[in-house]
Amino acid sequence: MASIIADHQIVKPIRGNYLVWMLAMALLVVIGGYCAYTMEHEGHHISGMNNRVVWGLPHVFAISLILAASGALNSATLSSVFNQSMHKPWARLSVVLAICLLISGLLVLVLDLGRPDRLFIAMTTYNFRSIFSWNIFLYTGFIAVCVVYLATLLDRSLNRYIASIGALALLWRIVLTTGTGSIFGFLVGRSALDTAILAPLFIALSLVMGSAVFALVVALVSRWQGTPVPANTIRQFSKLMLWCLLALLYFSVVHHLTNLYVSEHSSDERTMFTGPMALPFWLGHITLFGVCVWLVSRQRIIEAINQKQWLLSCVAALFGSAMILYSTIIGSQLIPQNLFPGKEVTSSTFGDAGFASYFPSVWEWGLGMGGVALSMLLLGFFLRVLPVSAHVIEPVADISDQVT
Amino acid sequence: MSRVPVADNEKSLQARRRFLQGLGLAGMASMSYSLLEVKAKTPASSDKRWGLLIETEKCSSGCDACVRGCNEEHGIDDAGDDLTRAQWIRKIDLKDELTGNETSLPVMCQHCESAPCVDVCPTGASFKRADGVVLVNKHTCIGCRYCMMACPYKARSFIHETLTEQKPSAPRGKGTVESCTLCVHRIDEEQDRQPACAVKCTEEAHSAITFGDLNDPDSSISQKLNTLGGSQIRADLQLNTGVRYQGL
């Protein structure tokens, strides 16, 4: 049995960089709010979106934040449900980060609506045949479960419920990510999306994105605290990341190879490899594959990885998975919908032939970045008011703790 | 206690009587108006299934009469960027890859029986009436565009800019999604009234669009479908569309 001695504290901005960070995030949030207001006031014609590419960069940001929220819960799940003691000090931070990411993702999603002022209608009028409606319950329910989970972690008198609420949170995040993937998986009219494998693919994406964001946040908080992240923790997080990356690459390869095999989808699939989405598609996959190979080599040969290398691998994993998500969401809309198989469209006023194009506007970048900044701003606030930041005093590794 | 003089009392009673008479008249007027309203707003019935038949052999390339008819009827501006402006109907020219045979046809909301847009709409703003017409409730559409992602026919338009001078029969607004309504305001007013696209097509001597009740075997659309046949766009999706095409 491993013994991890950890102390939970509120963040003390000993170097002052906490305040600088918070001010920078607040500024980005204000810019994001202004971008959202402008897009809502002027109309979506100022964005890069149109009636062919109806979901653009804000959706990529929103879905990334929602997926990362589910994945950020990895440490809490591993400690509470799978009793991995190495992750125990990080459970509280894991839950708080999940809440912050989800709130921000939902806000970006809402602010990109054509009528964000009708949020009350979205929250009170439901169509239960729509996976979108179910997701509203899944997202708000996830926040509620996480709040209760956090309470059990913070209050010693409630500690006995940690395992139960942790198991519920695990179940909830699986269903939530399945629901998010299914938003795209049920679209029969779009051959690049019409597949159930998007649900497990999105689960794998959430594991990678969540693990990467969590690792970067752990490093950031440790910097604020002035305490280095223990070497064993870095090694364990790297191993976890490796498994998540392998899962993501597996589902992505199966998704694309099966599409290539089925004649109905093969021509659209080939355009994914060579068409306008080829750059993000290949960039994403090659980056993830490169990180995998690199992590395997570090684990097998040297058995060690330093903090800089660890953070670099997380940034690369985050970038690669974001590219995959971008090519999935945007790429599927660039491919023309084939209404007339066996016929060539020679004329149309609505681009029925040829690829669509999409260039995200500055307003969309602003809204998306504002959402990311909001998650960090909320996190910074919670770290100042709640004792969730772990200060690991003496980590002692044990074979049973290792994720592998 | 002071007594009210008789003359004043009489005046007061007369005023009260006039007030009550006025109230009664107003009540009767409002009741008759309500009855008229009820008559005009007969609910859609599942006895009918409204649909269109497009005879592609009569539809000529370069003609956009149906599009113009639709735009005029609903106050749709056809200027601006093709990718961001509303297009309830669009004309498409096709060439068969094997035979080289060329076809021209209008594509609009296909008014599917199993409409994917209705299934995915989170608030139920996209809905199907009992008579098969698929509509968007403009009061509950939140502008999420999920219906546009789900529509296999690209038949829906999101309003990207502020609109002015909308027509009362076609409530439209920025930030919401819209599509062909099959001119419900016309067919609800008078059962034999045709949608604007069909009227315009006939006016310009093409008569390529036939509107009618698919459930009525004696209707002209059913008769034509019986003799000419009619296929669906993306029939493989099994959505049972209300818009059928002859010669596709």
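Tutor: Strand S1 (residues 50-55) of chain B pairs with S9(B) in the parallel sense over 4 bridges, where strands are DSSP E runs of at least two residues, helices are H or I runs of at least four, both numbered from the N terminus, and pairing requires that DSSP finds at least two bridges between two strands. This is a predicted model, in which local features need pLDDT of at least 70, side-chain atom pairs count only at pLDDT 80 or more, and totals for chains, interfaces and linings use all residues. Residues are numbered from 1 along each chain as its sequence is written, while chains are lettered from A and ligands numbered from 1 in the order in which they are written.

Student: Which residue of S9(B) is the bridge partner of B:Leu52?

Tutor: Strands of a sheet pair through backbone hydrogen bonds, either parallel or antiparallel. For S1 and S9 of chain B the sense is parallel, and the partner of B:Leu52 in S9(B) is B:Val243.

Student: Which strands are the edge strands of the open sheet in chain B?

Tutor: The open sheet has 3 strands with mixed pairing, in the order S8-S1-S9. Pairing on one side only marks the edge strands, which are S8 (209-213) and S9 (243-246) of chain B.

Student: Is A:Leu19 buried or exposed?

Tutor: A:Leu19 is placed in helix H1 (residues 17-42) of chain A. A residue is buried with 20 or more other C-beta atoms within 10 Å of its own, the atoms being placed from the backbone, exposed with 12 or fewer, and partly exposed in between. Because A:Leu19 has 11 such atoms within 10 Å, A:Leu19 is exposed.
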